[in-house]
Amino acid sequence: MDKSLADFALRHLEKKGVSYVEAKLESQEVNEFLLKNSILESSSFSSNSGLGIRYLFNGTLGFLSTNSSEKEKIKRLINKSLILTNKASKYKEDITLSKERSYKRSYKIKQKIKLADISPEEKLKDLVDADKAILDTKVNTPGRYIALSDKISKKYFINSEGTVINSEIPYVDLHYFLTVNENGKSSQRYWEHGETSGWEAVNGWDIPSIMKDEILTIKNNLEKGKKPPKGILDVVIGPQISGIMVHESVGHPYEADRIFGREAAQAGESFLSEDMVGKKVGSEVLTIIDDPTLKSGFGFYLYDDEGVKARKKYLIKNGVITEFLHNRETASRMGIKSNGSSRANNYDKEPIIRMSNTLLEKGDYSEEEMIKDVKSGILMKNFTEWNIDDKRFQQKYVGLDCYLIKNGEIKHPIIKPILEITTPYLWNSIDAVGKNFEGHSAHCGKGEPMQDIPVWHGGASARLKNIRFI
Amino acid sequence: MEIKNYIKNELKKKGFEDIVIVKTGSESKQLKFSKNKIIKTETGSSDDISLFITKNKRVLYTNLKEFSKQSIDIFIKKTLKFIKNLPENNNYYGIAEGPFKYKQFRSSYEKKVLDLDDIDLLQKSINSSLNEGAKRTDGVYEVSRAKIELLTSNKVDVEEFSSSLYLSMRSFVNKESSGHSNIISRTLKNFDVDYVGKNSGRIAKLSINPKDGKKGKYDIIFDPLPFSCLAAEIGNSSSIFSVESGLSFLADKLKKQVASKKFSLIDDPLYKDGIQATKFDLEGAPTRKKYIIEDGILNTYLHNTSTAKKYKTQTTGNAGLIAPQPWNLIVKPGKINHEHMFSHIKKGVYITNLWYTRFTNHFTGDFSTMPRDGAFLIENGEIKYPIKNIRISDNMLNIMKNIKEVSNNSIQTKSWESQEPAITPSVLVSNINITKPAS
């Protein structure tokens with residue numbers, strides 16, 4: 001990365017009279033392998049780098065991006081952008097940014113086993129072994145789509161307030177989509193494993209075991225599963241389910257840009273309003289955090305893409321809203337400081353408010369203790385289909401690895417129970433939270449153009465009381 | 001020497017066999033607006049080269065963003081090192097063999113797409129919405145142009161220009177009453193910003209004070225915007241890549257009745273106003289119009305040269321760099337007008353937007369999707385009142401088979417979530433399952 005390009009762009013915009021400017025150079029080196037039904041369908045390596053610049057001119061935000069390394073081209077693009085922003089400022093909503101401390105920092109995640117030291121052959125071996133583990137189960141698996149990728153993201157961020165941040169974050173990501181046929185029925189499973197780490201994380205996953213467990217679990221469900229029960233039931237949810245719930249119905253509606261309506265035509269709004277900080281929205285055992293500083297979390301970072309220092313945030317503490325996710329714009333609107341939640345997925349996208357590692361914080365129960373007190377209920381360990389409305393008020397989760405609970409004991413598997421529930425009912429129904437912890441990776445979509453960004457969701461298991469199944 | 005040829009020649013010298021080089025240069029502008037005000041401008045410029053290359057049946061996809069000879073030489077060394085470690089791909093059967101004669105075809109192109117009075121166009125649309133009774137509008141206005149050049153090792157050297165205008169507007173009367181409309185076009189002539197404003201404003205006004213919907217079976221009228229989401233799912237399901245991956249509800253159904261006789265889905269890359277119009281696919285094979293589904297029968301999967309050879313058929317001219325993909329999806333219009341469809345319904349729901357379409361099982365087609373913005377209960381041919389908090393929970397094949405009417409009013413549109421454009425009219429589907437939260 002030629003850092004002088006960012007310095008040049010910043011100086012040029014300052015000379016043009018902008019009230020604030022930030023410039024970010026970013027490079028991403030990506031390797032990807034996809035094995036489909038035992039055949040290496042796709043291998044790729046790619047590198048991209050470029051410059052993203054955001055500024056305030058006459059109270060209007062302008063953003064521009066280019067992968068050109070020619071200063072004259074960058075200058076021309078800046079001038080075009082300024083003309084457009086100046087015209088737009090006649091129809092603007094005045095944007096202000098919260099006052100934040102400036103930093104000069106460099107940070108990186110140290111790779112114990114460097115991604116660059118692992119040959120394509122070794123990476124592929126993990127996939128081939130995974131496929132073999134599936135075939136060794138002798139289960140009918142007509143669809144086996146397994147992909148492994150790694151990425152190194154390097155950023156150089158500067159702004160007109162004196163902040164300079166250098167960062168280097170490695171990512172490793174496994175995702176798979178499996179189809180299992182058994183007893184004339186079929187089930188499909190998609191999941192991801194991801195961390196910010198060197199290759200040591202991949203070595204720790206034991207991919208063949210993951211695949212074998214997935215396949216045998218689905219087979220068992222299709223072979224022995226019965227119809228889900230109906231009526232009022234208690235539900236014990238594992239971290240994969242609590243994770244997706246936390247992400248969809250807490251993380252997203254707590255994004256302040258949605259609350260203020262900025263994403264209304266894209267990812268939608270929120271059922272919450274800005275005056276709800278301090279309001280009770282869940283049971284007392286409910287605490288939900290968003291913590292970008294969590295080491296190895298797929299949503300890890302120490303400074304956000306506005307140069308604000310990241311920190312652990314309590315979105316809900318003991319059932320009460322503590323804070324929303326903010327960037328400098330929404331923080332300014334609420335008269336507070338940003339909590340460092342602004343990210344872009346590459347140099348060519350504007351930074352917007354994103355979740356990082358969003359988790360249901362641990363409680364006091366073991367999963368066994370939660371199950372023991374259930375007279376009639378369901379254990380939901382993972383899921384297939386899910387969705388939620390764009391205000392994040394009502395959601396659906398279709399269970400996959402699920403079991404009937406009767407008088408405190410786990411009985412037979414049940415096939416695809418459907419939990420369709422409103423957000424207030426969901427978070428008020430929790431009466432116990434587990435002391436276990438799992439972080440699960442995902443790519444979350446938001447913005448226009450769409451930006452998918454790495455996040456973790458998960459945390460502890462939990463128990464929901466009195467849920468209606470019809 | 002021109003950069004693409006330099007790369008091709010250098011790769012050839014190193015023993016690479018099939019080579020596809022796609023060079024794309026693009027420029028774009030965006031205005032993002034919220035609450036009737038412009039809140040951000042965006043300006044972008046990008047040059048990129050994507051490559052598909054093979055050596056000894058080993059296949060690799062990669063890209064280049066720096067075009068100096070020195071960068072290219074380093075890149076080729078890295079490529080050589082990378083590809084030799086890959087196993088052979090026995091599923092790979094080669095790329096299209098040129099040279100080709102392409103049809104005399106020129107897609108619609110707006111030369112001055114970046115020089116339009118963007119703010120005036122946007123203001124017109126916002127005012128049209130407000131005049132319909134909306135209080136607030138949000139969305140994006142976006143224009144771009146691109147030049148795509150394609151060079152292959154098999155005597156293909158072609159280029160195409162494209163332009164795109166896109167306006168997406170969500171209008172609100174209050175927090176619970178909204179309407180969404182958008183338009184995507186290659187030319188200003190077909191870019192009806194007034195329609196977008198009026199339509200989103202009209203739906204928002206109609207949807208004031210929604211009541212909770214009730215679960216049950218309903219006949220549903222999908223506006224073009226929500227049906228474009230479903231058409232994109234069907235189009236993507238028809239790619240042989242999806243079929244092989246377990247991601248298709250059309251697997252094992254070739255030449256079978258998969259939909260009502262009223263339903264035909266076309267992929268027409270030569271539709272000159274189609275946003276993805278092109279006379280060549282990404283291996284240089286000439287493209288052509290084809291019925292994916294004709295009168296309800298699944299006519300073809302989408303293929304490139306390699307997958308066509310594997311399945312002993314002809315390429316459909318749908319090669320993407322990795323997998324076959326649809327170009328311009330077109331739902332064949334029917335004869336009935338949109339308003340007339342309502343008279344066919346005793347108990348139904350009118351849906352104006354969808355999002356969050358997710359499958360329990362892509363192979364069986366079990367899925368659900370969320371109505372968004374104005375949704376309306378229909379009784380005895382008339383809209384009764386707006387409804388909320390419902391979900392369509394059904395099966396894609398069931399929906400396709402239950403299509404009763406297709407209207408005669410097509411528009412080119414795309415939803416925020418699926419991002420796949422389609423040219424589609426409104427569609428009436430009978431007996432669809434609607435669910436709602438039980439707790």
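## A strand pair across the chains

A:F45 has B:T62 as its bridge partner in β3(B). Here helices (H or I, at least four residues) and strands (E, at least two) are DSSP runs, numbered from the N terminus. The strands β2(A) and β3 of chain B (residues 58-64) run parallel and are joined by two bridges; strands pair if DSSP finds at least two bridges between them.

## The model

This is a predicted model, in which local features need pLDDT of at least 70 and side-chain atom pairs count only at pLDDT 80 or more, while totals for chains, interfaces and linings use all residues. Residues are numbered from 1 along each chain as its sequence is written, with chains lettered from A and ligands numbered from 1 in the order in which they are written.

The pLDDT is the predictor's confidence in each residue, from 0 to 100. In chain B the average is 96, and 100% of the residues score at least 70. The model has an ipTM of 0.96 and a pTM of 0.97.

## Where chain A touches chain B

Contact means that the C-beta atoms of two residues, placed from the backbone, lie within 7 Å. By this rule, 73 residues of chain A are in contact with 63 residues of chain B. On the chain A side, β2(A) gives the most, with eleven residues.

## Two domains in chain A

An automatic or database assignment sets the domain bounds: chain A has domain 1 (3-224) and domain 2 (231-469). Their centres, taken over C-alpha atoms, are 22 Å apart. In chain A, 41 residues of domain 1 are in contact with 33 residues of domain 2. On the domain 1 side, β7(A) provides the largest share, seven residues.
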